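Me: Can you walk me through this one? I'd like the numbers along with the cut-offs behind them.

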Amino acid sequence: AMEDVSAKFVSQKISRTRWRPLPAAALQPPDLFATGSWDNEDNRISIWSAGDLGNAGLNGEYHGEPHLLCDIQHNGDVMDMQFLDQERIVVASSTGTVTIFRHHQNNQTLSAHHRWEKAHYHVDQDTSCGGAACTGVVCNNPEIVTVGEDGRINLFRADQKDAVRTIDNADSSTLHAVTFLRTTEILTVNSIGQLKIWDLRQQRSEPSQIFSLAGDRVPLHCVDRHPNQQHIVATGGQDGMLSIWDIRQGTMPVSLLNAHEAEMWEVHFHPSDPDHLFTCSEDGSLWHWDTSTNVSEKPSFLHQGGRSTAYLSHSTINQSVVSAWLSNDPTKDRMEITNLIPNQTLSVNSLDVLGPCLVYGTDAEAIYVNRQLFA
Amino acid sequence: APLMDTVPPQVVPGADPSARQLCFAWGPAEVLVCETLFGRAGESRSRCLSRSPSPSRFWGAGRAGAAARALTGSVAGTGEGAPSSSRVFVVRRDQDIYIQTLRKLFNESHGIFMGLQRSEEELAGKSRKAQLVQVSKNYRSVIRACMEDMHQAAVSTRDPALQGQYSTQVSILSAMELIWNLCEILFVEAAAAGPLLLRLLDWVRLHVCDVDSMVREVLSSESPSKHKLFWNVVDVFVLQGRMDEARHLLSKEATANPTSMNMYKILDDLMKKMPVPSLGNTQTLTELELKWQHWHEECQRYLQDGTFASHPHMESICKILLGDEDAILEKKELMTTWYHFLVTRLLYSHPTVKPLELRFYAQSSMDLFLGGESSPEPLDMILMAAFEFEMHQVIKECSIVLSNWWFVAHLTDLLDHCKLLQSHNLYFGSNMREFLLLEYASGLFSHHSLWQLGVDYFDHCPEYGRVYLELHIERIPLSTEQKALKVLRICEQRQMHEQVRSICKIMAMKALRNNRLGSALSWSIRAKDAAFATLISDRFLKDYCERGCFSDLDLIDNLGPSMLLSDRLTFLGKYREFHRLYGEKRFPEAARLLLTLMTAHIAPCSFWMTLLTDALPLLEQKEVIFSAEQTYELMRCLEDLTAGNPDKQKFQDDDVETTKVEMLRLALARNLARVIVKEGTVEGS
């Protein structure tokens, strides 16, 4: 419901919002999130408190807008951002640099913890023409994978100075996003409509599989994998189309779903209830895709921890015969979709969901927190 | 009078026209001022003047590229003058755009603006008016929120310069809200006689805050009636028509001072009985006037029979109730402004004042209040213009005084939606609303990151918005592909084909420079730029010729329908297909494709030699692959190439090429021999 959403204008265009992951045994909803800005003369990484938990009202609703805990200057646009653990955030910059920031919770400060200068670059790393934008980052502590406009894939370890593995010219077009498929395999999407699987154990610099949109090669901008059923992958494209892929079969998407009218910037399965999916777009909308409508009992989000404890719901989901995402015509079958932002005009660049909470950021320089997503 | 000709001069810091001759170039959002190498000749002026460029100047100057060129020309073209470095000053108009806290104002009001443009024009009468008043209130609440933030920033900063800047902004914002609120009452809501006074009272109560601290101090003291400022506070309440609060305070005085109890009771009764206009339709104006007349006479009686004679404070209050100008003016310090005086005067002398009568009372109130001691300031003139219902004057004065275009642009747009500005066209064709929106949006576009907001404002300027957008959007630096995609989306949604092409070309060129052929190609495919796709295909082919293998196979193998964008791209795709067939040892198919590439003229002539060389290994295969007919065709291709080629000289001079041609001829001849034998054998058997 809209009344549960609190907004704050922050005087910077927001390119990324990320909830801090919860410890495995956590019972409470997430309380802290990070944002990154873009297209400013002075870009920043900021840590926010989602609202005052102490001020919970009689009905359990929370009051107060997000407030800033600390921030730090960041060189270049923040292109992507991911928490490595409770304290460290990996940030991809338009300058090609990848930085790990540490959030010191005792004195509420941020500091640059480690930096890979020009992890992405054009032509020659040593010449001044230098950096290429790093467009995507994904972490699986201690491993960090980055992709960029230079078509390069880097594998870093948080504790190692140099890249563990670099695949130069992995893609001849721009890589827009990356995510882990399994611990040693990654998925990338590029600007000619391809979804590729890379096995990082293999030494050859070619993908192990290439999937591709039919017809016009519409660029893909974002990718996420179903948290429990790893063969189900969702991508979002330049035309706003949501594609669902079954990577066990075929080379084309299982279904194409249309809701957005412009670039889909992010797609996220709900980490602990993957019947729900969230997408945001340049057209200023944020869609909630819900395939759970015929599931009689909704799981309780409050009592599941963060992403690391998603296995809690694993067994129940495996019992369902076919995932709703792969049924032939999900729109007819049992999908309900809702735009969570009516009347928004400027782009929603980023969103993140965790437990019952949603956070998103816009080019209208505002961040929004919804703490009762399923109320 | 044209709006812009009254913009006051501004000094460009550092530019000194007395020492150097300066030249100018006008851009849509900024002015470039350049020192030339000429010494200052003729009469010297003491300072450099710059004005916001008027639209006519803007149209003359064109885009920034042209302006920049004009500048370098003027510097480079001089041989004389003092030989020292010249400086270029970039003069921005809308400095306020760069204040961090104000970005909240710009972004939040953008949402309200867009809502207003979308709002239902069909809503008639009262509900439309209510809608517009609500929009006006939303704008004001954004101003107030911004003011609070700015105030907070001023309080929390330790830098005195910054503190000064913030405080200045707080007072500017507060003036904006004051003016907006008055415009809301007079123009948007257009309050009628009766309710008008109530609105004006609210307005004064909201904005005259200088006395608030005094009120707080007295009310929080242990015994308010003993406080030395007690009567001041009572007077403040009376002057602002806050009768209940005044009576409450007076009751404290009465209990502390039993001797004046009787006097107090009479005054309290008068204050209680004072008739006020009601917001509902419960009484007519005539009823009110009658009641008021009656009450007025009663006050008059008490004053004349000396009821309050022994108590100067109460007597002065009674005089105020009677609307005695001298008695009210005595409290000048408590009112602080002439418009408070005006509203107090109206409350106690003309409670049923009609909108169009306001101008007379306003003028005389200002004259009386200032009393020739001080001259009216710009804010006074703006409010006066509002009371006179001179809407255009209000907007004009605000444009001159306020340091940003935000206020006038949004207020004018709102008034235009109230259908109040239609008759007014400016001399250069577009109307005032559009003119101001264009100015504001141009300011946004000059900002590093607020440019996105500007787009929507241009969209709602029917006359010149499109042209402005076209000019501005080309100036947005495309630092990353992501940003380029956002700019591109804006252009595509508005069918700005030329800009779409130009953005894609810029990005494709960038990618090409970085040796990212795949990215370059996908940008030209997006713009459907055939010429550029050809250029890139040639780069691919050149790379192939140099290195003997293809780069970016993932792209070339997946061209799909985009292959048809340019002939060269088609050739590239087909040629790669030949290599794939060859690699898969599907020789007859490969041979057929290779030949077709030449005979159907898909391959550029410059590439024929490479193709023929590619035929060599096929000719040398153990199996015969090319048929006799195909071999003849290959021979013809080779002869066409060597004979018909205008660069014949080149072949003769180049030993390698000559050898290649000889080898080919030999291979073709051998193949022909083999195939004749083979075909003869097959046919014969």
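Me: Which residues of chain A does the UniProt annotation "repeat: WD" cover?
Reply: Heads-up: this is a predicted model, where local features need pLDDT of at least 70, side-chain atom pairs count only at pLDDT 80 or more, and totals for chains, interfaces and linings use all residues. Residues are numbered from 1 along each chain as its sequence is written, chains are lettered from A and ligands numbered from 1 in the order written, and side-chain values use heavy atoms, leaving out hydrogens and water. The annotation comes from an unreviewed UniProt entry, and such annotations may be inferred rather than shown by experiment, with positions put in the numbering used here and feature names shortened.

Me: How far apart are the end C-alpha atoms of residues 213–255 of chain A?
Reply: Strands (E, at least two residues) and helices (H or I, at least four) are DSSP runs, numbered from the N terminus. By that assignment the span is 0% helix and 44% strand. Its end C-alpha atoms are separated by 11 Å.

Me: What is the area buried between chain A and chain B?
Reply: Contact here means heavy atoms within 4.5 Å, and 46 residues of chain A touch 38 residues of chain B that way. Buried area is the accessible area (1.4 Å probe) that two parts lose on being put together, summed over both. Carbon and sulfur atoms give 46% of it, and the total is about 3,600 Å².

Me: How many salt bridges are there between chain A and chain B?
Reply: The rule wants a side-chain nitrogen of Lys or Arg within 4 Å of a carboxyl oxygen of Asp or Glu. A:Glu282 and B:Lys486 meet it at 2.9 Å, N to O. Between the two chains the count is five.

Me: What is the phi of B:Thr336?
Reply: B:Thr336 sits in the loop between helix H14 (332–335) and helix H15 (338–349) of chain B. It is not a glycine, yet its phi is positive, at about 65°.
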